[in-house]
Amino acid sequence: MFPKFHLPCLLLFLLVLCFPDRGLACTNSSSLVGLATEIKMVQHQVRGSIKVIDDCSFRVSQFDMLPGFDVHWWGASAVDFDNITAGFFVSEQTLNQTYKNQTFDVRLRDNVTWDQIGVLSIWDLPTASDFGHVVFPNASISGPSPGPSPSPSSGDREIVRVYKEPTMFDNCKVLSKNYRVRWTLSIDQDVIHIGLEAATGTQNYMAFGWADPKATSDYMIGADVAVTGFTEDGLPFAEDYFITRYSECTVNKDGRARGVCPDAMYEPTDSVGSVNNTELVYGHRRDGVSFVRYQRKLSVVDKKYDLPVKYKENATVIWALGLISPPDSLHHYYLPQNHGGEESLTFGHLVLNVSEHVNDCLGPIDADDKEDQDVIIADANVPLLVVTGEALHYPNPPNPSKVLYINKKEAPVLRVERGVPVKFSIQAGHDVALYITSDPLGGNATLRNKSEIVYAGGPKSEGVPASPMELMWAPDRNTPDQVYYHSLYQPKMGWRVQ
């Protein structure tokens, strides 16, 4: 006779027998075991590091992320648009929350192995959005290389290979509610790496620097600061400034500069940039947050306008946020405005020792306004010119290399009024057919989204400059508050209609 088993115990025994725990058999055979790499921020303020623990799992450390809709760990062979959008789930874990400097382990699906994963992405399924990713050395050649790394010696599986991302630093300090400074010391290179990030407008600057050590008040006077921001073309900049008084930089009749001025304006004959002690490394705008990384020497480069960073000592540092004036015919620099305590200027100072480890930046900056795209308001009497162009700042990456432009603006937010006809002049080529859809991705969405509603356009809505096609659309009371304009033949070329 068979022994009497308690039924739940018998079922559990059979489950273990038929589906053994993969963890018991998990090995370290993959060449990726021991590899650690930092996550590349794409959007949603993703930061953190990933280390491959074994053949079945990886560890996520110091992880920051703003929430999405339905976010998963996603694998692909390469990071280019076609490969990453055709990727696959690598874990059962979902990431549908805000993460604040968190560390946790993630287990791969039983049918997933590391040799299948060239790119590990944080992927929002409904919007096909890459929030951030790492590229492993086994990625296919169609993806970018992660850069050189040391190879482990025979039998040594503990060597950690780290690929530095410009958004990652050793330290972080909160300056104000929506403004932070990050830094890493490289003492052997006589350099400090600094990152400034703030939820601020595209026309605003971020400034940070060292006060005159002899000052006991009015710390900005005599301060050596870096002023960072973005040009009108959206390119980052970082310049070395010196402050002689609380005012926008001006040049007197005698040619002398005064105020908050670039070092180079004090020395107009300087043709080799010897007075500029600030070197731009990287910058971006993501989710309404400006981020600029630069580096400067710890020692004095220019004795007139630079102050040394005595990294082992306490020092007073100053910071500011405010509007910036673009270059004009009188000067060739972006100049901070509103010095002297105006309401539109945010500023302060604190005592800092950059050799002491600090990280009080718990979680990502969450900007109130995350939309940086241009807005075009449709006028019933003016046609909207639709063409294609290079993707430079597409709002929902990853994206194809060619996207839709309306009135010379890349993938703008289009605002229309119910009852007011909208006229499109389509000149995007015969391979782009414009349509207005309920689907956020477009690209013949009915093949994957059976509930897609098409409000206007279709296969015949294509044209070229020599023979444009005119499309009329009259949104009515049944049109939702938000729809999308896209190409019928390629997903993620257009953007939102409000």
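Buried means under 20% relative accessible area, exposed means over 50%, and partly exposed lies in between, with a 1.4 Å probe and protein chains only. This is a predicted model, in which local features need pLDDT of at least 70, side-chain atom pairs count only at pLDDT 80 or more, and totals for chains, interfaces and linings use all residues. Residues are numbered from 1 along each chain as its sequence is written, and side-chain values use heavy atoms, with hydrogens and water left out.

**Whole chain**

Start with everything displayed. Of the 498 residues of the protein, 49% count as buried. Colour by secondary structure: there are four helices and 34 strands, taken as DSSP runs numbered from the N terminus (helices H or I, at least four residues; strands E, at least two). Switch to a surface. Contact means heavy atoms within 4.5 Å. Among contacts with a separation of 6 or more, 63% are between residues 24 or more positions apart.

**Disulfides**

Select the cysteine sulfur atoms next. A disulfide is taken here as a pair of cysteine sulfur atoms within 2.5 Å, and a search of the whole structure finds three. Counting bonded cysteines along the chain, the pattern is 1-2, 3-6, 4-5.

Select cysteine 26 and cysteine 56. Their sulfur atoms are 2.1 Å apart. The S-S torsion of cysteine 26 and cysteine 56 is about 130°, so this disulfide is right-handed. The pair links distant parts of the chain, 30 residues apart: cysteine 26 is in the loop between helix H2 (22-25) and strand S1 (36-38), and cysteine 56 is in the loop between strand S3 (47-54) and strand S4 (57-65). Cysteine 26 counts as partly exposed, at 22% relative accessibility, whereas cysteine 56 counts as buried, at 2%.

Move to cysteine 172 and cysteine 361, whose sulfur atoms are 2.0 Å apart. The torsion about the S-S bond of cysteine 172 and cysteine 361 is about -85°, so the disulfide is left-handed. Cysteine 172 belongs to strand S10 (residues 171-176) and cysteine 361 to the loop between strand S23 (346-352) and strand S24 (375-377), so the pair ties together parts 189 residues apart in sequence. Cysteine 172 is buried, with a relative accessible area of 1%, and cysteine 361 counts as buried at 4%.

The remaining selection is cysteine 249 with cysteine 261, sulfur atoms 2.0 Å apart. The S-S torsion of cysteine 249 and cysteine 261 is about 105°, so the disulfide is right-handed. Cysteine 249 sits in the loop between strand S15 (236-243) and strand S16 (250-251), and cysteine 261 in strand S18 (residues 260-262), so the pair ties together parts twelve residues apart in sequence. Both cysteine 249 and cysteine 261 are buried.

**Tryptophan 74**

Centre on tryptophan 74, in strand S5 (residues 71-76). Tryptophan 74 is buried, with a relative accessible area of 7%. Show its surroundings: leaving aside neighbours within four places in sequence, tryptophan 74 contacts Ile84, Thr85, Gly87, Phe88, Phe89, Val90, Val119, Leu120, Ser121, Trp123 and Leu125. For leucine 120, the C-alpha to C-alpha distance to tryptophan 74 is 5.8 Å, at 46 residues apart in sequence.

**Second largest pocket**

Cavities and pockets are found on a 1 Å grid over the protein atoms alone: a cavity is a set of points where a 1.4 Å probe fits but cannot get out, a pocket is an open set with protein on both sides within 12 Å along at least five of seven lines, and lining residues have an atom within 4 Å of a point. Grid points are joined across faces, edges and corners, and a volume is the space filled by probe spheres set on the points.

Select Gln62, Met168, Phe169, Asp170 and Asn171, which among the 22 lining residues lie nearest the centre of the second largest pocket. The volume of this pocket is about 430 Å³. S3, S4, S10 and strand S11 (179-186) each supply at least two lining residues, and S3 gives the most, with three. The lining divides into six nonpolar, eight polar and eight charged residues, where Ala, Val, Leu, Ile, Met, Phe, Trp, Tyr, Cys and Pro count as nonpolar, Asp, Glu, Lys and Arg as charged, and the others, Gly among them, as polar.

The structure holds two cavities of 30 Å³ or more.
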